[in-house]
Amino acid sequence: MPDRRPEHPAMPELPEVETVRAGVEALLSGSAILHAEPHRSGLRQPFGDLSALSGPVRGVRRRAKYLLIETTKATLLSHLGMTGSWRVADSPRTHDHLTLHLADGRRLVFNDPRRFGLAALLDGNGDHPLLAELGPEPLDPAWNGAVLHRALRGRKAAIKALIMDQQVVVGVGNIYAQEALFRSAIRPQRPAGRLDRGTCDRLVDAIRNVLQEAIAAGGSTISDFVHAGGGTGLFQHRFRVYGRGGQPCAVCATAIRRTTIAGRTTCWCPRCQR
Ligand SMILES: [Zn+2]
């Protein structure tokens, strides 16, 4: 049997969160929040006081895998955890934890069966401790091969572990790290500090391309129910190495190998990746 089982079936990565961001923004566009109604004290962390969240919605942004729902008065920081979703609710469901009452009468509800999600307001300066340590955004043009090369200098850990390090670059999880390393022909075990500048350029391009393709593939799923479950939308049909241990490489037909790096399953082609 080919190995198709994802390690964490519902753990959203950056493209899925970006798809959810676009979906939530479409649902909130032109609307205003009257008030937030929590149905429990919190999830992964306490919700804290959400009473300042009201007013016309300015937009919905993404930072790493966090959503930022911004009104004229406050910003709600939210994370989907493993099983979180936002929906326009007609009727309550089990695991509804937070309701945003909108001025047009709709209710936008955060539902999360496993409760690893998060919702909290940013402080008066627009900060939150969870945002403080985050590295650069992979899709920001300011992040490039030179920046990555500097960040990797002297680091002995495997390159795959470091591109999943949120202080090096945010939002690159286990799936897209493997795919980007395949596309840039880099063996995932290589000590990060030994990558030269040209290789870092290639890796940055590959990370950006794989994320953008996945966002484009997920962009057609926007509806009244926005979630990141099921992993990767249509993009999962394009995986070259992720979950393909033992299968032939799509480029050279060599059997894809599987190992564990920093505790995470990792697949790579021993011939294409050096
Ligand atoms: Zn190959």
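Student: Does Arg21 count as buried or exposed, and how do you know?
Tutor: Arg21 has a relative accessibility of 14%. Buried means under 20% relative accessible area, exposed over 50%, and partly exposed in between (1.4 Å probe, protein chains only). With 14% set against that cut-off, Arg21 counts as buried. One caution before we go on: this is a predicted model, where local features need pLDDT of at least 70 and side-chain atom pairs count only at pLDDT 80 or more, while totals for chains, interfaces and linings use all residues. Residues are numbered from 1 along each chain as its sequence is written, and side-chain values use heavy atoms, with hydrogens and water left out.

Student: What makes the contact of Glu18 and Arg21 a salt bridge?
Tutor: The rule asks for a side-chain nitrogen of Lys or Arg within 4 Å of a carboxyl oxygen of Asp or Glu. For Glu18 and Arg21 the N to O distance is 2.8 Å, so the pair qualifies. Glu18 is buried too, with a relative accessible area of 16%.

Student: How are Glu18 and Arg21 placed in helix 1?
Tutor: They sit three residues apart in helix 1 (residues 14-28), about one helical turn. Helices (H or I, at least four residues) and strands (E, at least two) are DSSP runs, numbered from the N terminus. An α-helix has 3.6 residues a turn, so residues three or four places apart point the same way.

Student: On to the rings. Why is the pair of Trp86 and Phe110 called tilted?
Tutor: Rings of Phe, Tyr and Trp (its six-membered ring) pair if their centres lie within 6.5 Å; planes under 30 degrees apart count as stacked, over 60 as edge-to-face and the rest as tilted. The search turns up two aromatic pairs. For Trp86 and Phe110 the centres are 5.2 Å apart and the planes stand at 55°, so the pair is tilted. Trp86 lies in strand 5 (residues 85-88) and Phe110 in strand 7 (residues 107-111), so the pair ties together parts 24 residues apart in sequence. Both Trp86 and Phe110 are buried.

Student: And what makes Phe239 and Tyr242 edge-to-face?
Tutor: Their planes are at 75°, with centres 5.1 Å apart, so edge-to-face it is. Phe239 and Tyr242 are both buried.

Student: How do you know the site of the zinc ion is tetrahedral?
Tutor: Donors come first: they are N, O and S atoms within 2.8 Å of the metal (3.2 Å for Na, K and Ca), and water is not among the atoms, so sites may look incomplete. The SG atoms of Cys249, Cys252, Cys269 and Cys272 lie 2.3 to 2.4 Å from the zinc ion. Four donors count as tetrahedral if all angles lie between 85 and 135 degrees. Here the angles run from 99 to 112°, so the site is tetrahedral. In sequence, the donor residues are spaced C-x2-C-x16-C-x2-C.

Student: What makes helix 5 mostly covered?
Tutor: In helix 5 (residues 174-183), nine of the ten residues are buried, among them Ile175, Tyr176 and Phe182. The cover includes helix 1, helix 4 (159-163), helix 6 (197-218) and strand 11 (264-268), where contact means heavy atoms within 4.5 Å.

Key. Tetrahedral: all angles 85-135°; square planar, octahedral: opposite > 155°, others 65-115°.
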